[in-house]
Amino acid sequence: QVQLVESGGGLVQAGDSLRLSCAASGHTFSPYTMAWFRQAPGKEREFVGAVYWSDGSTSYAESVKGRFTISTDGAKNTLYLQMNRLKPEDTAVYYCALRRSSASIYNYWGQGTQVTVSS
């Protein structure tokens, strides 16, 4: 059974940095894709960025490009989201997600971690 557990959220001030982690287990299939999404109050969940296990490439939403960086540990069991120069509009619940690379939707989700950026 695939499990994703996020951690690292918190309350920070605008301009600060924060790193989120997502510990993945139970995913015996490969290749797969892992991603970060976020959902702000009253808004739909939106894509933040992803890493593609097959070649290690990454992609980002325009709103975070240049400020956020996705990375993994050597064993590829932990996904990180380094968030720099945080803005109040980055306030959201951040979710880790995983899918088979051949799948079109993310089947597995973590419980989310709250990030609040004060102005």
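**Reading a predicted model: a dialogue**

Author: We begin with the disulfide of this predicted model. The link between Cys22 and Cys96 is left-handed, with -75 degrees about the S-S bond. Cys22 belongs to strand β3 and Cys96 to strand β9, so the pair ties together parts that are 74 residues apart in sequence.

Reader: How far apart are the sulfur atoms of Cys22 and Cys96, and are Cys22 and Cys96 buried or exposed?

Author: The sulfur atoms of Cys22 and Cys96 are 2.1 Å apart. Cys22 is buried, as is Cys96. A search of the whole structure finds 1 disulfide.

Reader: Which strand does β1 join, and in what direction do the two run?

Author: Strands β1 and β3 run antiparallel and are joined by 5 bridges. Within β3, Ala24 is the bridge partner of Leu4.

Reader: Which residues touch the most other members of the largest nonpolar core?

Author: That core has 30 residues, and the ones touching the most other members are Met34, Trp36, Leu79, Leu81, Met83 and Tyr94. Several strands each supply at least two residues of this core, including β3 (18-25), β4 (32-39) and β9 (92-100). Apart from it lies another core, of 5 residues, among them Ala35, Phe37, Ala50 and Ala97.

Reader: How many salt bridges does a search of the whole structure find?

Author: The search finds 4 salt bridges. To read one, consider the closest N and O atoms: for Glu46 and Arg38 they are 2.6 Å apart. For Arg38 and Asp90 they are 2.9 Å apart. This second pair links distant parts of the chain, with Arg38 in strand β4 and Asp90 in the loop between β8 and β9, 52 residues apart.

Reader: Why does Arg38 count as buried?

Author: A residue is called buried when its relative accessible area is under 20%. Arg38 counts as buried because its relative accessibility is 6%. Asp90, at 1%, also counts as buried, whereas Glu46, at 35%, is partly exposed.

Reader: Which residues are linked with Arg38 in a network of salt bridges?

Author: The network links Arg38 with Glu46, Arg67 and Asp90. Another salt bridge joins the side chains of Glu62 and Lys65, at 2.7 Å from N to O. Glu62 counts as exposed at 63% relative accessibility, and Lys65 as partly exposed at 45%.

Terms used:
Residues numbered from 1 in each chain as written. Predicted model: local features only at pLDDT ≥ 70, side-chain atom pairs only at ≥ 80, totals over all residues. Heavy atoms only, no water. Core = buried A, V, L, I, M, F, W, Y, C linked by side-chain atoms within 4.5 Å. Buried < 20%, exposed > 50% of the residue type's maximum accessible area, 1.4 Å probe, protein only. Helix = DSSP H or I, 4+ residues; strand = E, 2+ residues; numbered from the N terminus. Disulfide = S-S within 2.5 Å. Pairing = 2+ DSSP bridges.
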